[in-house]
Amino acid sequence: MNVQSSRPKGPAVWLDMDQQALDDAYDQEVYAPNRAIVVQRRHAASERARARLGAPKRVAYGPTEVEALDIFDCGVRNAPINVFVHGGAWRRNKAQDYALNAEPLVRAGAYSVILDFINVDEAGGDLFPMYDQVRRGIAWVARNAESFGGDANRIYLSAHSSGSHLAGCFLTRGWREENLPPDIVKGAVLLSGMYDLKPVRMSKRSSYVSFTDRMEELLSAQRHLEGLNAPLILGIGTCETPEFQRQSRDFAEAVRAAGKPAELIVGDGYNHFELLETLANPYGLMGRAMFEQMKLMTKFE
């Protein structure tokens, strides 16, 4: 999909992109005009999942109202745990919007934990409060897994878009900041994320994120691979923006160059939002990868 072909090209500001192309490459709706329809599907599917599973256990991991997480109980003691970090351009979405991810995990005998956290607008343009809350939410799960029946030795992460950015930061530095074991996360499936903030800072996202040199450096997971210990599965769709595709490709290459495991899965014909739908399906492109990583696939084969 070439959204730039009908206009004159300006001076290059990032790689071969002019400013408009870079801005478009960090604006999902330019490349995924059906976003609203896919989001509507996700919300409806999440409502159906909650109706079937029952309301999740809502637990606070911090002092403010938003610092809470939803735990979907699989009814099995010492079962593996999947923690999901949602996306939304750092600006939108809530844990309740993603209950559809929980149902296949619960049916396969795993706990599904979905985090809520502040958004960047509420944080005054600062990404650090978001990262801090995601970090503490995951740490709460690690320290309190036994309280809800989970196995602290089998914690996995899944995430999408800006949630993958925040999860990547936890995987490369957050575990250390929380004084957790290096291998506290046994594997992660990160869809359509951002792992170096330099080009993001140069895009129109800087209109609502107050980027600083410190933020760019500390919250760019690709610059802190020495702290990465979990095997990664990265996913992108061929209909995503060129920058979101490049970010995951470059991250996968950098992780492998550092001698660490990273698999890149490319979904033909999927855009940014459609790819996420496959995570909630144990037979879907990313769902199958997640279930295999968690050693749950025998339930569905």
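Start by selecting R214 and F128: R214 lies over the face of F128, 4.6 Å from the ring centre. For a charge to sit over a ring, NZ of Lys or CZ of Arg has to be within 6 Å of the ring centre and within 35 degrees of the ring normal. Next, pick R135 and Y131, where the charged end of R135 sits over the Y131 ring at 5.4 Å from its centre.

A quick word on what you're looking at. This is a predicted model, where local features need pLDDT of at least 70 and side-chain atom pairs count only at pLDDT 80 or more, while totals for chains, interfaces and linings use all residues. Residues are numbered from 1 along each chain as its sequence is written, and side-chain values use heavy atoms, leaving out hydrogens and water.

Rings of Phe, Tyr and Trp (its six-membered ring) pair if their centres lie within 6.5 Å; planes under 30 degrees apart are stacked, over 60 edge-to-face, and the rest tilted.

Select W90 and F211, an edge-to-face pair at 6.4 Å centre to centre with 70° between the planes. W90 is in the loop between β5 (79–85) and α4 (102–107) and F211 in the loop between α7 (198–202) and α8 (213–218), so this pair ties together parts 121 residues apart in sequence. Those helices (H or I, at least four residues) and strands (E, at least two) are DSSP runs numbered from the N terminus.

Last stop: W140 and F148, stacked at 6.3 Å centre to centre with 10° between the planes.
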